[in-house]
Amino acid sequence: MTVSFRLLRMAALVELASLILLLANLATVHWAPVASLLGPVHGGAYLIVIGATVQVTADLRTRLTAVVPGVGGLLVMRRLRRRPGTGREDGDVSMSATGR
Amino acid sequence: MTKLLLSIHVLAAIVAIGPVTVAASMFPAATRRALAEPADPRGVAVLRNLHRICRVYATLGVLVPVFGLATARSLDVLGDAWLITSIIVTVAAAAVLIVLVLPGQAAILADDRLAGGGTGASPGGTIQGRRTAARLGMVTGIFNLLWAVVVVLMIVRPGSTTGA
């Protein structure tokens, strides 16, 4: 597994987890410090997912999938796992299929 | 909360942008070394690693403006001239990195003079490669300079009233 793919996986998990925590906070205690800390965390993870996806694959549909809010990163990883041929760089995705 | 956001912002800047500036600065010299020894596979391996460091840490670098904007919002300084100036310079630095530095590195790595294992090591080709490396060194220098300007602006904050 390459560094970019690992970055993508980590950012995808943070993206979804921070969104869930943000919404849970909004629905329950609505504590302002939690929102102002998790907001940038979620936004940063969202942008890292997009950046890492652009590096991992050249496939336009997969890249557009990364823009989906909240679950974009997880959807990208599912697409990459199903169609390993979409990888751009030599050995990038073929390594990820066996290395996981 | 402001102090926590600012700490994350500064930490992200040191951890993410630092490696990019160092690896990008080493790249042109490593290119010249790889061109001088085309038969040695280690030269290309070094270039690949430097390029990977630049790419991955540039991606992580988005955390810097994200937490920077969050900090600025909670400090209520988003409209200050020094901040707007540094945002513009940051955008320029990011553009130089994404449009010039990273594709320039990728173009050198895709060059068959390096990948071919020294089969086409003609003197003309090597001069061309050195020229490409020199141009990459120039844009990398511009990138580093822009970042230095942003850091100085963040520290000096000309016109700011929020203390030293």
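In what order do the elements of chain B run from the N terminus on? They run α-α-α-α-α-α, and chain B accordingly counts 6 helices and 0 strands; helices (H or I, at least four residues) and strands (E, at least two) are DSSP runs, numbered from the N terminus. The model is a predicted one, in which local features need pLDDT of at least 70 and side-chain atom pairs count only at pLDDT 80 or more, while totals for chains, interfaces and linings use all residues. Residues are numbered from 1 along each chain as its sequence is written, and chains are lettered from A and ligands numbered from 1 in the order in which they are written.

Among the contacts in chain B with a separation of 6 or more, 85% come from residues 24 or more positions apart; a contact here is a pair of residues whose C-beta atoms, placed from the backbone, lie within 7 Å.

Two helix pairs of chain B share helix H2. H1(B) and H2(B) pack at an angle of about 155°, their axes 8 Å apart (axes are lines fitted to C-alpha atoms, for helices over the stretch in contact, and angles run from 0 to 180 degrees between N-to-C directions). H1(B) is therefore roughly antiparallel to H2(B), a label for angles over 145 degrees, with under 35 counting as roughly parallel, 65 to 115 as roughly perpendicular and the rest as oblique. The crossing of H1(B) past H2(B) is left-handed, that is, the near helix is turned anticlockwise from the far one by less than a right angle, clockwise being right-handed. Residues including Ala16(B), Val20(B) and Phe27(B) of H1(B) meet residues of H2(B) including Val44(B), Leu50(B) and Tyr57(B).

On to the second pair. H2 (residues 41-60) and H4 (residues 81-110) of chain B pack at about 155°, with axes 10 Å apart, so H2(B) is roughly antiparallel to H4(B). H2(B) also passes H4(B) in a left-handed crossing. Their contact holds 8 nonpolar, 2 polar and 2 charged residues.

Helix H4 of chain B is also the place of Gly104(B). Gly104(B) is buried because 23 other C-beta atoms lie within 10 Å. Beyond four places away in sequence, Gly104(B) touches Leu136(B) and Val139(B).

Where the chains meet, 15 residues of chain A are in contact with 14 residues of chain B. The largest share of the chain A side, 12 residues, comes from H2(A). That side divides into 8 nonpolar, 7 polar and no charged residues.

The largest nonpolar core has 52 residues, and Leu8(A), Ala11(A), Ile48(A), Val49(A) and Phe67(B) have the most contacts inside it; such a core is a set of buried Ala, Val, Leu, Ile, Met, Phe, Trp, Tyr and Cys residues joined through C-beta atoms within 7 Å. H1(B) gives the largest share of this core, 11 residues. Phe67(B) touches Pro40(A), Leu5(B), Ile8(B), His9(B) and Ala12(B), residues up to four places away in sequence not being counted.

Note on methods. Ala, Val, Leu, Ile, Met, Phe, Trp, Tyr, Cys and Pro count as nonpolar, Asp, Glu, Lys and Arg as charged, and the others, Gly among them, as polar. Two residues are in contact if their C-beta atoms, placed from the backbone, lie within 7 Å. A residue is buried if 20 or more other C-beta atoms lie within 10 Å of its own, exposed if 12 or fewer, and partly exposed in between; C-beta atoms are placed from the backbone.
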